[in-house]
Amino acid sequence: MKHFYFFCLFMVLPFFLSSQDDNKAVELLDKMSDNYKKMKGFTSSFTYSMNNLNEDIQDSFEGKISVRNEKYILFIEGQKIINDSKTVWTYIEELNEVTISEFDPSEQEISLNNIFEIYKEGFTYKYLGIKEDFSMVEIYPEDEDKSYYKILFKINSSNLLESFTVYDNSNSLYIYSINDFVEEELDATLFSFELENYPDIEVIDFR
């Protein structure tokens with residue numbers, strides 16, 4: 001009987017510990033998400049890095065994003081991208097050219113303005129512990145047809161995102177590191193593109 005008891009304990013303990021890790025992961029992710037949701041807006045600079053482990057290809061660039069609810073304005077590599085949650089304007093200053101399209105959320109599954117809530121549906125979780133004063137959490141998509149198989153979150157002591165890494169099926173890593181972060185109330189006029197302010201601009205409208 002004693003042997004049977006220890007056998008049962010051996011079988012149950014890994015499940016119990018795994019469940020604890022899952023609960024801790026969700027707790028941390030919820031705190032992070034709640035922090036961002038209660039903000040009236042924020043601006044952050046970031047570094048994006050890509051590393052293809054198969055081909056030994058690396059790339060990186062820096063950018064800046066301002067977010068208010070579902071709206072954002074993004075500056076990357078000579079482009080200004082404005083999204084008012086309905087329309088997207090992509091302006092290239094060097095060419096004085098803007099491309100206009102309707103916003104399709106399905107085309108932007110992982111981005112700096114939705115990463116804080118992506119875990120809430122269709123994922124499993126695991127808490128990895130604390131490393132260099134940051135809480136480490138991984139999430140795994142339940143849909144095996146996704147182009148990626150996990151996302152690693154690094155969360156700081158203020159329950160804000162320090163970085164996240166997307167691991168895709170081509171053995172590439174996509175790392176977004178937050179360089180600085182400012183919570184601020186952003187004017188709604190930031191998230192629109194007024195053509196009259198850009199003389200002689202070339203407009204490519206896909207709507």
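Tutor: Start with burial. Buried means under 20% relative accessible area, exposed means over 50%, and partly exposed lies in between. Keep in mind that this is a predicted model.

Student: Is Y167 buried or exposed?

Tutor: Y167 has 17% relative accessibility, so it counts as buried. Y149 has 40%, so it counts as partly exposed.

Student: What about ring pairs?

Tutor: Planes under 30 degrees apart count as stacked, over 60 as edge-to-face and the rest as tilted. The whole structure holds 14 aromatic pairs. In one of them, Y91 and Y198 have ring centres 4.8 Å apart and planes at 55 degrees, so this pair is tilted. Y91 sits in strand 5, Y198 in the loop between strand 11 and strand 12, and 107 residues separate them. Both Y91 and Y198 are buried.

Student: How are the rings of Y149 and Y167 placed, and why is the pair called tilted?

Tutor: Their centres are 6.1 Å apart and their planes lie at 55 degrees, so the pair is tilted. Y149 belongs to strand 9 and Y167 to strand 10, so the pair ties together parts 18 residues apart in sequence. The charged end of K150 also sits over the ring of Y167, 4.5 Å from its centre.

Student: What is the strand order of the open sheet?

Tutor: Twelve strands run in the order 7-8-9-10-11-1-2-3-4-5-6-12, with mixed pairing. Strand 7 and strand 12 are the edges, each pairing on one side only. Strand 12 runs parallel to strand 6, joined by four bridges. There, T99 has I204 as its bridge partner.

Key: Residues are numbered from 1 along each chain as its sequence is written. This is a predicted model: local features need pLDDT of at least 70, side-chain atom pairs count only at pLDDT 80 or more; totals for chains, interfaces and linings use all residues. Side-chain values use heavy atoms; hydrogens and water are left out. Two strands pair if DSSP finds at least two bridges between them. Helices (H or I, at least four residues) and strands (E, at least two) are DSSP runs, numbered from the N terminus. Rings of Phe, Tyr and Trp (its six-membered ring) pair if their centres lie within 6.5 Å; planes under 30 degrees apart count as stacked, over 60 as edge-to-face and the rest as tilted. Buried means under 20% relative accessible area, exposed over 50%, partly exposed in between (1.4 Å probe, protein chains only). A charge sits over a ring if NZ of Lys or CZ of Arg is within 6 Å of the ring centre and within 35 degrees of the ring normal.
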